[in-house]
Amino acid sequence: MAVPSPGLPSRVTIYEVGARDGLQNEKALIPTAVKAEFVRRLVTAGLPVVEATSFVHPRWVPQLADAADLMSALTDTTTGLGDTARDLPVLVPNERGLDRALELGLRHVAVFGSATETFATKNLNRTLDEQFAMFAPTVARAREAGMDVRAYVSMCFGDPWEGAVPIEQVVDVGRRMLDLGASQLSLGDTIGVGTAGHVTALVEAFVAAGVGVERLALHFHDTYGQALSNVQAGLRAGITTYDASAGGLGGCPYAESATGNLATEDLVWLLSGLGIEHGVDLAALVATSTWMAGQLGRPSPSAVVRALGG
């Protein structure tokens with residue numbers, strides 16, 4: 001039964017990251033055809049944004065080495081999604097990745113930065129300041145080509161090497177990413193240490209710095225079981241875009257303490273219970289995650305998938 005809570009948004013956009021962030025940390029290589037079917041099923045379930053893959057060097061993330069083949073399969077007019085697949089976001093770490101996205105006629109890319117010095121060094125092989133010089137030409141060229149550009153910032157709530165991350169440091173990094181030309185900024189709790197009060201304080205700090213809540217998204221991991229509580233804090237703060245991964249898949253190959261993402265099904269259940277529109281067919285989504293769990297050979301960590309999946 002839906003019981004609305006006063007003061008919350010009437011509608012939320014779920015930014016599905018299962019096919020990219022969810023699968024990038026898998027040990028066994030997943031066939032391209034399985035990935036394509038996963039994306040197709042997610043789109044069919046009504047998810048408005050489905051991030052498909054990353055044009056990263058295969059040495060960094062071997063699981064996503066088939067990015068070009070995957071996008072070609074998805075944009076196929078007979079067996080894939082056709083032209084609509086060109087709107088599926090893809091991660092591009094640099095200009096080489098952007099070149100590959102442009103060659104395929106894709107229309108939505110994302111770049112991935114760090115709020116901390118150590119993670120920037122480990123993930124990007126750049127210092128905290130040097131990462132912006134790497135992103136600047138990528139974002140500029142993408143915007144000139146008419147692409148939409150999203151920016152991720154990781155380690156916004158805590159870093160496994162540096163510990164607590166100052167809120168003002170996150171705001172500074174986030175504003176610099178937006179100033180490059182990104183239309184949306186996703187704030188990542190990469191290792192899942194954030195709590196509700198921290199979420200509220202971080203969003204308030206961005207608003208105080210002149211960044212509207214409509215330009216912010218939140219990306220939670222459920223390492224300590226706080227993801228849904230953090231979503232509620234985000235909703236109260238006015239955030240209307242949330243990243244989530246079907247079946248709770250995912251982690252980060254460069255941060256061993258980063259466990260699974262917030263499960264999309266668990267988020268949908270929360271939103272439905274609050275009477276917040278999201279446009280997702282929960283039964284179709286659960287069936288998709290149950291199918292994918294079978295492909296991976298292990299049960300889904302999502303509580304809702306376990307409850308409804310049989």
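1. Let's start with how the chain folds back on itself. Among contacts in the protein chain between residues at least 6 apart in sequence, 72% join residues at least 24 apart. Keep in mind as you look around that this is a predicted model.

2. Next, the overall build. The protein chain has 12 helices and 11 strands. Its radius of gyration is 18 Å, close to the 19 Å that the globule rule gives for 310 residues, so the chain is as compact as a globular protein of that length.

3. Of the 310 residues in the protein chain, 54% count as buried. The accessible surface comes to about 12,400 Å², and carbon and sulfur atoms account for 53% of that surface.

4. You will find Asn125 in the loop between helix H5 (117-124) and helix H6 (130-144). Is Asn125 buried or exposed? With a relative accessible area of 62%, Asn125 is exposed, because the cut-off for exposed is over 50%.

5. Where does Met155 lie? Its place is the loop between strand E6 (148-154) and strand E7 (158-159). The relative accessibility of Met155 is 0%, so Met155 counts as buried; the cut-off for that word is under 20%. Set side by side, Asn125 is exposed, whereas Met155 is buried.

6. Let's move on to empty space. Rolling a probe the size of a water molecule over the atoms shows where such space is left. In this model, the largest pocket has a volume of about 210 Å³.

7. Which residues lie nearest the centre of the largest pocket? They are Glu26, Leu249, Gly250, Leu296 and Arg298, out of 19 residues that line the pocket. Helix H11 (residues 282-296) gives the most to this lining, with 4 residues.

8. How many residues of the lining are nonpolar, polar and charged? The lining of the largest pocket divides into 8 nonpolar, 8 polar and 3 charged residues. When you sort the residues yourself, remember that Gly250, one of those nearest the centre, goes with the polar group, because Gly is counted there.

Terms used: Residues numbered from 1 in each chain as written. Predicted model: local features only at pLDDT ≥ 70, side-chain atom pairs only at ≥ 80, totals over all residues. Heavy atoms only, no water. 1 Å grid on protein atoms, 1.4 Å probe; cavity = no way out; pocket = protein on both sides within 12 Å on 5 of 7 lines; lining within 4 Å. Points joined across faces, edges and corners; volume = space filled by probe spheres on them. Helix = DSSP H or I, 4+ residues; strand = E, 2+ residues; numbered from the N terminus. Buried < 20%, exposed > 50% of the residue type's maximum accessible area, 1.4 Å probe, protein only. Rg over C-alpha atoms; globule rule 2.2 N^0.38 Å. Contact = heavy atoms within 4.5 Å. Areas by Shrake-Rupley, 256 points an atom, 1.4 Å probe, with all protein chains shown as cover.
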